[in-house]
Amino acid sequence: MASQKVISALAEIESSSNSQTKLQQYNELLTDIITNSAAAQLPQDLITYLDSILSESLSIVAARPLLDHFITILRPLPSPTKITVGQHAVTLLQSRSTSVEEQDAAIREILADAYEAEEEYIAAARALQGIHIDSSQRQVPEAAKVRLWIRIVRLYLEEDETTAAEAVLGRIKNLPSKIVDPELALHFKLAQARVLDARRRFLDASPEYFGVSLAAGVDEADRLHALAAAIRCAVLAPAGPQRARLLASLYKDDRAPSVDEFAILEKMFLDRLLVPAEVAAFAERLAPHQLAVMADGTTVLDKAVVEHNLVAASKLYENITTDALGVILGLQPSGDFSAGEKAEAYAARMVEQGRLKGSIDQINGVIHFEPGSVPAGRHIRQWDAGVQSLAEDVERVATSITEAFPEFATEQAAVH
């Protein structure tokens, strides 16, 4: 309840018949409340003051300047006070929202700032979503709409509310004109990448992050952060030709060696087998949604590593038993399924989806990799390389003998 002093002062102002004097008295009382009310009493005094200036006894024309002054006073107050008073103000303004849309928007922004400061991100997003931006009473530029929606998306993503964030992001995509402001376009691209990432659409999220990392006008540390995010998403993406192209683009970037994720990127790009220690170190840098456990009890990372190692194994072998492949992939028996049967299931799914070329002999438990998986002419190239290496070694030995025993070399040359 408000202090008796404020209640009495408001009663006196409300009984005044002079409109000009009344407005001045309201402003003077607001200053007095801010100056003299105790911290614990301040929210209730401000709420009672707000009830008075928005009562039916005061016209909306007279209330607007008082409300503008009230907003100016509210802005620098502590977050708990802004939340208490702001919530009440938003409720009061709902019945008059068409007449005070500017003021309603300003109070909602103040309320959102306070919620965000208190890490109540969902409440902040909902406060901003209540702002009227499509009414005939208030013309809002498209750039301002985009800026507002991007902030709402960011707030929802702080709490992993991906469905709500994606819905708001869709409003930006449906704008009749394109985003021409480079800064806003960059924020939109980053917001889109984060939504795709949160939805575990890693194959789509990685190029978006990579695009942000290449954008001009971005701080170098932020660009590297975006590059690292692009690599993480590429690693988590399903194995296949599209991811292979993505890994190649990231690996060839000159900045890649400067981020912690480069080690696992290099192994994946070069189709080398990943060991558990490397995977564990990489997992420490992942966000919670990237480590979520799926219905089969594995994580996205587990699946990505198994699929990668399966592709890597296809580069080393022309054929392999499913049991041996299960050992290489680090699969463990569970329930009625052996490690070999799990390896066969992974291989069958990838072959079916066109991400791995080969065939499975289920009777003998052998997987045969086709030339698309094992490089064509691999044995011929290995033989050629061996012959070349042997010839180079012989030449080095002959040169060493000539240098050590020049007389012998001369005699042999004369004989032949």
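Mentor: Start with contact, which means heavy atoms within 4.5 Å. This is a predicted model, so local features need pLDDT of at least 70 and side-chain atom pairs pLDDT 80 or more, while totals for chains, interfaces and linings use all residues. Numbering runs from 1 along each chain as its sequence is written, and side-chain values use heavy atoms, without hydrogens or water.

My pick is helix H12, residues 220–236. Helices here are DSSP runs (H or I, at least four residues; strands are E, at least two), numbered from the N terminus. H12 has 17 residues, and its end C-alpha atoms sit 25 Å apart. That agrees with the 24 Å that H12 should span at 1.5 Å a residue. The expected span is 1.5 Å times one less than the number of residues.

H12 is mostly covered, with twelve of its 17 residues buried. Buried means under 20% relative accessible area, exposed over 50%, partly exposed in between (1.4 Å probe, protein chains only). Ala-226 to Val-235 are buried, and so is Leu-236.

Take H11 next. Its 13 residues reach 18 Å from first C-alpha to last, close to the 18 Å expected. The buried residues of H11 include Phe-202, Leu-203, Glu-208, Tyr-209, Phe-210 and Val-212. They pack against H10, H12, H13 and H16.

Tyr-209 lies in H11, residues 202–214. It counts as buried because its relative accessibility is 7%. Beyond neighbours within four places in sequence, Tyr-209 is in contact with Ala-226, Ala-229, Ala-230 and Cys-233, among others. Compare Lys-315: Tyr-209 and Lys-315 are 106 residues apart in sequence and 30 Å apart in space, C-alpha to C-alpha.

Now look at H16, residues 300–316, where His-308 is found. His-308 counts as buried because its relative accessibility is 1%. Its contacts, leaving aside neighbours within four places in sequence, are Ala-239, Arg-243, Lys-267, Met-268, Asp-271, Arg-272 and Leu-274.

For another helix, take H5, residues 79–93. It has 15 residues and reaches 20 Å, close to the expected 21 Å. Its buried residues include Ser-79, Ile-83, Gly-86, Val-90 and Leu-93. Helix H3 (42–53), helix H4 (60–74) and helix H6 (101–117) are part of what covers the buried residues of H5.

Finally, the whole chain. It holds 20 helices and three strands. Its radius of gyration is 34 Å, well over the 22 Å that the globule rule gives for 416 residues, so the chain is more spread out than a compact globule. That radius is taken over C-alpha atoms, and the rule is 2.2 Å times the number of residues to the power 0.38. Along the principal axes, the C-alpha atoms fill a box of roughly 130 × 60 × 45 Å. Buried residues make up 42% of the 416. Of the contacts between residues at least 6 apart in sequence, 58% join residues at least 24 apart.
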